[in-house]
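Please open the model in your viewer and keep the selection panel at hand.

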Amino acid sequence: MSDMFDIFLVAPPGLEPVLAEEARDKGFADPRAVQGGVEIKGGWPEVWRANLVLRGPARVLVRVAEFRAMHLAQLDKRARKVDWASVLRADSPVKVEATCRKSKIYHAGAATQRVSTAIKETLGAEISDTAEVVVKVRIDDDLCTISLDATGEALHKRGHKPAVGKAPMRENLAALFLRQCGFDGTEPVVDPMCGSGTFPIEAAEIAAGLYPGRSRGFAFEGLAGFDADAFAAMKAGARLVAPQARFYGFDRDAGAVKNATENAERAGVGGYCQFARQAVSDLEPPEGPPGLVIVNPPYGERIGNRKLLFSVYGALGKTLLERFSGWRVGLVTSDGGLAKATGLPWLPTEPPVAHGGLKVTLWRTGVLG
C-alpha cells in the first residue's frame with residue numbers, strides 16, 4: 001500500500017482548472033491542471049477515492065512506467081523490465097492500447113503487440129480485446145508512458161441512469177458546469193429544458209453528499225493491490241445530509257419528464273427533485289430563496305432548426321428577465337448567436353469545451369436584477 005503513483009484525472013478539454021479545483025476541495029494533494037486533465041500523486045487508496053468521489057473526471061489513469069524507446073526491440077526489452085506483477089494480476093485478462101506521436105516508433109499496432117507479449121510472457125496474464133483491465137501505452141516524442149486505466153467504463157456513467165434523451169449532457173460535464181456557476185449544494189436549481197434530468201439530479205446528489213461512483217464497479221477492482229474491505233469502508237464513509245434546497249426540471253416532452261423522474265428515483269434523490277411537463281414561457285420561480293437556473297437547450301446542430309430556435313431562446317431570456325430576479329443563469333450552447341438572442345446580461349465566457357463532437361460554451365450571468 002506504500003506505492004506512490006502519478007495519477008492522471010482525464011478532464012473534458014477546457015475544464016482542467018475546474019476539475020483541479022474540485023480535486024483540491026476533495027482533499028487531494030497538490031492537483032495540477034495540465035492539458036487534457038489534472039495530475040495528482042497518491043497510492044492505491046487515492047486511486048480508488050478519485051474514482052469514487054470526484055464528479056468531474058472522465059476517467060482515472062495510473063502511471064506505472066516511463067522510459068525512452070527509439071525502436072521496437074528497445075520497447076520490448078524495457079516493457080519486460082516493468083514490474084507487472086505489482087500492478088496486474090496473472091489471473092485477470094489484460095487489453096493493451098497504444099498511441100504513437102512524433103516518434104521513431106510510429107506503428108501503434110506493433111507497439112501494442114510488443115507490450116502485450118511482454119505482459120503475457122513475464123506475468124502469464126491472458127491478452128484479450130474484451131478485457132476490463134486496460135494498459136495504455138503512449139509514445140510521444142520517443143518517450144513511452146505506460147498507464148493503467150483504473151476506471152473501466154467512463155466515469156460519467158454513474159450506474160443508475162439508463163434512460164437518456166436525444167442529446168444528453170454527460171454527468172461529469174454537468175457537474176463541472178454546475179461548479180463553474182458557483183453551485184455548492186445549498187441553493188435551488190431549475191432546469192427549464194431538463195431532458196433526462198442530468199442537471200437537477202447531479203445538483204441533488206451534490207447537495208445530499210452522495211458519492212458519484214457509489215452504484216458502479218471499476219476496473220481497479222481487478223488489479224493487484226485491490227483491497228475490497230478497505231474500499232467498502234471508503235464507500236461507507238460518505239457524509240450524507242438531507243438537502244434543504246430542492247431541484248426542479250421541466251420539459252415539453254412527457255417522455256423526458258417520466259425518464260427524469262425515474263432516473264432521480266434510481267439515484268436516490270427522488271425526494272429532493274421535482275419534474276413536470278411545461279413550456280418555457282410558463283416557467284415560474286419556485287417558492288423560497290433564489291438560486292441557479294441552468295439549461296442545455298437544443299443548439300440546432302443535432303436537434304431543432306436553428307432559425308426556429310431564436311424564438312425559443314428569446315422566450316427563455318424574456319421569462320428569466322421578467323420573473324427570475326435574484327437568480328443566476330447558466331446556459332450551455334454551441335451557438336453564441338443563440339445565447340445572445342436571450343437578451344440576458346452575459347459575463348465574459350471561458351474557452352469552449354468539446355462535447356459530443358461539438359464545441360460548447362457555458363454562458364453565465366451574475367445575479368439578475
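The stops below concern charged side chains and their surroundings.

This is a predicted model, in which local features need pLDDT of at least 70 and side-chain atom pairs count only at pLDDT 80 or more, while totals for chains, interfaces and linings use all residues. Residues are numbered from 1 along each chain as its sequence is written, and side-chain values use heavy atoms, with hydrogens and water left out.

**Overview.** Side chains of opposite charge can pair when their charged atoms come close. A search of the whole structure finds 25 salt bridges, a salt bridge being a side-chain nitrogen of Lys or Arg within 4 Å of a carboxyl oxygen of Asp or Glu.

**First stop.** Select E21 and R179, whose side chains form a salt bridge with an N to O distance of 3.0 Å. E21 belongs to helix α1 (residues 16-25) and R179 to helix α5 (residues 171-180), so this pair ties together parts that are 158 residues apart in sequence. Helices (H or I, at least four residues) and strands (E, at least two) are DSSP runs, numbered from the N terminus. E21 is partly exposed at 38% relative accessibility, and R179 is likewise partly exposed at 23%. Here buried means under 20% relative accessible area, exposed over 50%, and partly exposed in between (1.4 Å probe, protein chains only).

**Second stop.** Next, select D142 and K104, a salt bridge in which the closest N and O atoms are 3.4 Å apart. D142 is in the loop between β6 (133-140) and β7 (143-149), and K104 is in the loop between β5 (94-101) and α4 (108-123); the pair links distant parts of the chain, 38 residues apart. Which of the two residues is buried? D142 is buried, with a relative accessible area of 8%, whereas K104 is exposed at 56%.

**Third stop.** Move to R158 and E202, whose side chains meet in a salt bridge at 2.6 Å, N to O. R158 lies in the loop between β7 and α5, and E202 lies in helix α6 (residues 198-208), so the pair ties together parts 44 residues apart in sequence. R158 is buried at 4% relative accessibility, and E202 is buried at 1%.

**Last stop.** Finally, select D335, in the loop between β12 (328-333) and α10 (336-341). D335 counts as buried at 11% relative accessibility. Which residues does D335 touch, not counting residues up to four places away in sequence? D335 touches Y299 and R306, contact meaning heavy atoms within 4.5 Å.
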